[in-house]
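Thank you all for making the time this morning. Please bring up the sequence and the model on your own screens, and I will talk through a few places in turn.

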Amino acid sequence: YRMLPLEFSRGCPYKCTYCSAPALLQKFETDGKWFRDRPLSTIEKDIQFYIENYSVEYLYFVSETFLAMSGRRFADFIKMYSKYRIPFWLNTRSETITEEKIEQLESIGCHRMSIGIEHGNYEFRKKMLKRVTTNEKIIEACRIVKSSSIELSVNNIIGFPDETKALIFDTIRLNRSIDADSHTALIFQPYVGTWLRQYCIDNDLYSAETIARDNSFEPVIKNRFVSEEEICELTRLFNTYRQ
């Protein structure tokens, strides 16, 4: 495919502790407009430009949580995009998924969808990551997507502060309950401005002078319960353990 990115929205309404979105919201939201959707008319102009100038064959909608939009905006998007039906990929969360939305996305050419799971233990996920979705809701959302023609990928993170090996295997077990086309595991990094970075500093797990790395490399925090070598190994063999 000749693929191009297209910014759909900026910011995120959720407050995950490992993510930059809440930090950016706090830093820039002086007028209530940090989290905002681009006008669909502007998005349509971009699509037309891509078609005319680049013969685009596939679009990646840049949006931290694509389906975190009003029902009216979603209906207007479906109507607008039905004129193009260019295959596209998006990221969203399990809370935003319904059978009706998936059917409509499928009808206009949605080819692939990524859902963030991040962690498989509900209590740890709720307390440490501020993600309150239940495992049952995650499994059901993934089932809805998988029952359509839309390809599904799910994303996970391991190596969180205070995470044990047993907790990591809770994430692996949850992924065993999900039939997805791909399962990705990345290593937690304490990025500047995030609540979890400050937690790591306050608990002597991380130096404020240290620079976080790419989340596909190795851990940079001290984990009290799992060694760096074990985290790297569990990341590398995530899909082997999942099977």
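This is a predicted model: local features need pLDDT of at least 70, side-chain atom pairs count only at pLDDT 80 or more; totals for chains, interfaces and linings use all residues.

Before I name any element, let me say that helices, which are H or I runs of at least four residues, and strands, which are E runs of at least two, are DSSP runs numbered from the N terminus.

D204 has a positive phi of about 55 degrees, although it is not a glycine, and at 59% relative accessibility it counts as exposed, the cut-off being over 50%. The other residue with a positive phi that I want to mention is E118, whose phi is near 75 degrees and which is not a glycine either. E118, however, is found in strand β6, residues 110-118, and it is buried, with a relative accessible area of 10%.

Coming back to the loop between α8 and α9, N215 lies there too, and at 27% relative accessibility N215 counts as partly exposed. Leaving aside residues up to four places away in sequence, N215 touches L186, I187, Q189 and Y191, while from C-alpha to C-alpha N215 and A185 are 9.4 Å apart in space and 30 residues apart in sequence.

Further along, N223 has its place in the loop between α8 (195-202) and α9 (228-236), and because its relative accessibility is 16%, N223 counts as buried. Which backbone oxygens does the side chain of N223 reach? One is that of F160, at 3.1 Å, and another is that of E163, at 3.4 Å. Not counting residues up to four places away in sequence, N223 touches G159, F160, D162, E163 and I231.

Turning to the helices, α7 covers residues 165-176, and at 1.5 Å a residue its 12 residues should span 16 Å, which agrees with the 17 Å between its end C-alpha atoms. Among the buried residues of α7 are L167, I168, F169 and D170.

My last item is a helix pair, and two packed helices are described by the angle between their axes and the distance between the axes. Helix α2 (residues 40-54) and helix α3 (residues 71-81) pack at an angle of about 25 degrees, with their axes 11 Å apart. Because angles under 35 degrees count as such, α2 is roughly parallel to α3, and the crossing of α2 and α3 is right-handed. At this pairing, L40, I43, E44 and I47 in α2 meet R73, D76, F77, M80 and Y81 in α3.

Terms used: Residues are numbered from 1 along each chain as its sequence is written. Side-chain values use heavy atoms; hydrogens and water are left out. The expected span of a helix is 1.5 Å times one less than its number of residues. Buried means under 20% relative accessible area, exposed over 50%, partly exposed in between (1.4 Å probe, protein chains only). A polar contact is a pair of N or O atoms within 3.5 Å; within protein, one must be able to donate a hydrogen and the other to accept it, and residues adjacent in sequence count only if both atoms are side-chain atoms. Contact means heavy atoms within 4.5 Å. Axes are lines fitted to C-alpha atoms, for helices over the stretch in contact, and angles run from 0 to 180 degrees between N-to-C directions. Angles under 35 degrees count as roughly parallel, over 145 as roughly antiparallel, 65 to 115 as roughly perpendicular and the rest as oblique. A crossing is left-handed if the near helix is turned anticlockwise from the far one by less than a right angle, and right-handed if clockwise.
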